[in-house]
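Subject: Structure handover

Hi,

Here is the structure I promised to pass on. Have a look at it first, and then read my notes below.

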Amino acid sequence: MYFFMSILVLFMTLTGLFCHGSSKEEKTLLTKTKELRHWEERLRRRERDLQKKPQEDASLPTIYAIMPTHTRHVQKAELTRLAQTFLHVKNFHWILVEDSDSQTDLVTKFLATCGIKHTHLNIKTPEDYQLKETDPNWLKPRGVEQRNVGLQWLRENLDVGRDKGVVYFADDDNTYSLQLFDEVALW
């Protein structure tokens with residue numbers, strides 16, 4: 001891809017040298033060339049980032065992180081922060097379970113581009129277990145339905161004799177050290 005982009009820039013530059021167009025055309029060509037170089041650099045950076053991602057290690061168990069999430073203003077920022085950590089963990093599978101009747105576009109699109117092996121599920125918390133605005137956060141359990149759906153997915157999709165792994169219950173408003181996942185993988 002980089003080679004193709006370089007040839008295109010060279011062609012555009014040579015074409016511009018042999019054409020006696022107006023200065024407006026030359027400025028447009030220069031602008032397009034700069035834009036092309038910008039995208040080339042972004043592509044090179046992306047390729048380097050993908051090469052840095054840890055490879056799967058058959059000697060280590062897969063860490064299945066079951067994480068409830070719910071719609072709020074900072075949801076995408078929180079998930080982005082977590083994804084930046086999870087990208088550095090070997091054998092990681094993110095089971096993200098939304099507290100909603102259906103999967104939201106925001107989370108679906110985010111997961112499609114985050115670069116992490118994942119499973120996207122959803123289940124709405126029953127009305128009786130939802131906190132009211134005036135309730136203290138300890139009054140009712142949170143994320144229980146979502147964690148149970150994550151566990152159900154594991155039971156239905158993994159082979160106990162073949163798939164070795166560790167289940168970790170994570171929260172989308174926490175921050176995690178990579179050292180934690182190194183220790184979890186040793187269990």
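Thr119 is a handy place to start: at 10% relative accessibility it counts as buried, because the cut-off for that is under 20%. Before I go on, bear in mind that this is a predicted model.

Thr119 sits in strand β3, which covers residues 118-122. Leaving aside residues up to four places away in sequence, Thr119 touches His93, Trp94, Ile95, Leu96 and Trp153.

Now the overall layout. The protein chain has six helices and four strands, and along the sequence they follow the pattern α-α-β-α-β-α-β-α-β-α. Of its 187 residues, 30% count as buried. If you take the contacts with a separation of 6 or more, 71% of them come from residues 24 or more positions apart.

The four strands form an open sheet in the order β3-β2-β1-β4, with parallel pairing. At the edges are β3 and β4 (165-169), each of which pairs on one side only. From one strand to the next, the twist averages 20 degrees. As a reminder, strands of a sheet pair through backbone hydrogen bonds, either parallel or antiparallel. Here β2 (residues 92-98) and β3 are joined in the parallel sense over five bridges, and the bridge partner of Trp94 in β3 is His118.

Helix α3 (residues 75-86) has twelve residues and spans 16 Å from its first C-alpha to its last, close to the 16 Å expected at 1.5 Å a residue. Its buried residues are Gln75, Glu78, Leu79, Leu82, Ala83, Thr85 and Phe86. Seen down the axis of α3, these fall within an arc of 155 degrees, so they line one face of the helix. An α-helix has 3.6 residues a turn, so residues three or four places apart point the same way. What do the buried residues of α3 pack against? The answer is β1 (62-69), β2, α4 and α6 (178-184).

Helix α4 (residues 105-113) lies across β2 and β3, and runs at about 170 degrees to β2. The buried residues of α4 are Val107, Phe110 and Leu111. They cover an arc of only 95 degrees around the axis, which puts them on the same side of α4. Their cover includes α3, β2 and β3. The face of α4 turned away from that buried side carries the exposed residues Asp105, Lys109, Ala112 and Thr113.

Gln146 lies in α5 and is buried, with a relative accessible area of 2%. Not counting residues up to four places away in sequence, Gln146 touches Ile66, Pro68, Val97, Glu98, Asp99, Ile123, Lys124 and Thr125. Asn157 belongs to α5 too, a helix that covers residues 144-157. At 40% relative accessibility, Asn157 counts as partly exposed, and its side chain reaches the backbone oxygen of Trp153 at 2.8 Å. Trp153 is also among the residues that Thr119 touches.

Cheers

Terms used: Residues numbered from 1 in each chain as written. Predicted model: local features only at pLDDT ≥ 70, side-chain atom pairs only at ≥ 80, totals over all residues. Heavy atoms only, no water. Helix = DSSP H or I, 4+ residues; strand = E, 2+ residues; numbered from the N terminus. Buried < 20%, exposed > 50% of the residue type's maximum accessible area, 1.4 Å probe, protein only. Polar contact = N/O pair within 3.5 Å; in protein donor to acceptor, adjacent residues only side chain to side chain. Contact = heavy atoms within 4.5 Å. Pairing = 2+ DSSP bridges. Axes fitted to C-alpha atoms, helices over the stretch in contact; angles between N-to-C directions. Expected span 1.5 Å × (residues − 1). Arc of directions from axis to C-beta.
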